[in-house]
Amino acid sequence: MLNALWLAFFLIAAVAALFQWWVLGDPGVFARLIASLFDMADLSVKIMLLLFGTLTLWMGFLRIAEKAGLVNGLSRLLAPLFRRLMPGVPAGHPALGLITLNFAANALGLDNAATPIGLRAMRELQTLNPDPKTATNAQILFLVLNSSSLTLLPVTIFMYRAQQGASDPTLVFLPILLATSASTLVGLLSVAFMQRLRLHDPVVLAWLGGGALLLGGFMGLLASLSTTAVAALSSLLGNLVLFAVIIAFLVAGAVRRIPVYESFIEGAKDGFAVCKDLLPYLVAMLCAVGVLRASGALDGLLEGIRWLVHNVGWDTRFVDALPTALVKPFSGSAARAMMIETMQHYGPDSFPALLAATVQGSTETTFYVLAVYFGAVGVQRARHAVGCALLADLAGMLASIGVCYWFFG
């Protein structure tokens, strides 16, 4: 899938460039194509320098939390809920701790760090699988929740916005929180419907009802504020929660007499190892998106969609963020490249860039996750996993558009 998508970007760019030359009489398009390749390669290296630091930093703090017992504590706290949502997984099974750690990494927006943890969890779930080629209910629920994007603190999104010169990198904190809540809820409900899970169980109702009350009350508070006040609150909470999480990890480690510095270095080394392999993928995708934009193909597609949306009578500002939304189910690196390119083209604090960042933080690479997670354990029959995951993606995209119009007008 990714190979076909990447190749298609270049072939479409070539056809569009020939059209610009032969039909529109613009031979300069080829100079723009070559310039975009060098510009995007240079941008990839600059982004990687910051990404090295960000991922290394958070993997270090996450290792402290793991050694301090916070992950195991969260696993025990969630055990009653997991027993009802994943009845096929015995209490105390190693998969539950790994699932919790994977969710924690996703919640912090460390999708690259969450993947190796998630693969370990999927392998543990596979040990309970009576038919190794067919996905179990627990594996499907785990995959769909991953593909719904459980991001609560999208630190990598903040990092990309900071790198592109955003005045306040955390401005998208609340929009992403609300949009990812919608995608996760729809993903959970769709799987529960297919698997006949008993969501009316008192424990499940307590968790879901409590979360719904908190989210509903929070949204009620936001509705009572002006747009300026909402933006200010998003900025404050984004920075405050981020720093509070760091302090909580350190204090928990100190209380448990964990050597926090050594633990941080140990986790940071893992983060460095994960990050160093990303540069080729980032260069590949950013260059592909760059030539797509330089050839005029991307702008032509967006203009066609904008014309249709305008004739329907809708606001057309969301159209410029659609490239990120359209490729996100197929490739995280392509969507990341689209988001960065949108920031560069329109400015990091423009409406399209803010919406692209929100979509990036509230949806996941469904087909990539499905291929990697199921492929790692040899599962060939996905059953209802794809349909439920795509439904969650659609909910996240629609919610992103709605909350961005609410927050940013």
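Leaving aside residues up to four places away in sequence, L292 touches F9, I12, A13, A297, L298 and M338, where contact means heavy atoms within 4.5 Å. The model is a predicted one, so to speak of local features takes pLDDT of at least 70 and side-chain atom pairs count only at pLDDT 80 or more, while totals for chains, interfaces and linings use all residues. Residues are numbered from 1 along each chain as its sequence is written, and side-chain values use heavy atoms, with hydrogens and water left out.

L292 also turns up in the largest nonpolar core, which has 56 residues; F9, V172, L292, M338, M339, L355 and F408 touch the most other members. Such a core is a set of buried Ala, Val, Leu, Ile, Met, Phe, Trp, Tyr and Cys residues joined through side-chain atoms within 4.5 Å. Here buried means under 20% relative accessible area (1.4 Å probe, protein chains only). A second, separate core of 39 residues includes A138, L188, V191 and V379.

Now for the helices, which are DSSP runs (H or I, at least four residues) numbered from the N terminus. Helix α16 spans residues 351-362 and reaches 16 Å from its first C-alpha to its last, close to the 16 Å expected, that is, 1.5 Å times one less than its number of residues. Because 12 of the 12 residues of α16 are buried, the helix is largely enclosed by the rest of the structure. Helix α6 (residues 137-147) is mostly covered too, with 10 of its 11 residues buried, among them A138, F142 and N146.

As for cysteines, C287 is buried at a relative accessible area of 9%, and C404 at 0%.

Key. Helix = DSSP H or I, 4+ residues; strand = E, 2+ residues; numbered from the N terminus. Buried < 20%, exposed > 50% of the residue type's maximum accessible area, 1.4 Å probe, protein only.
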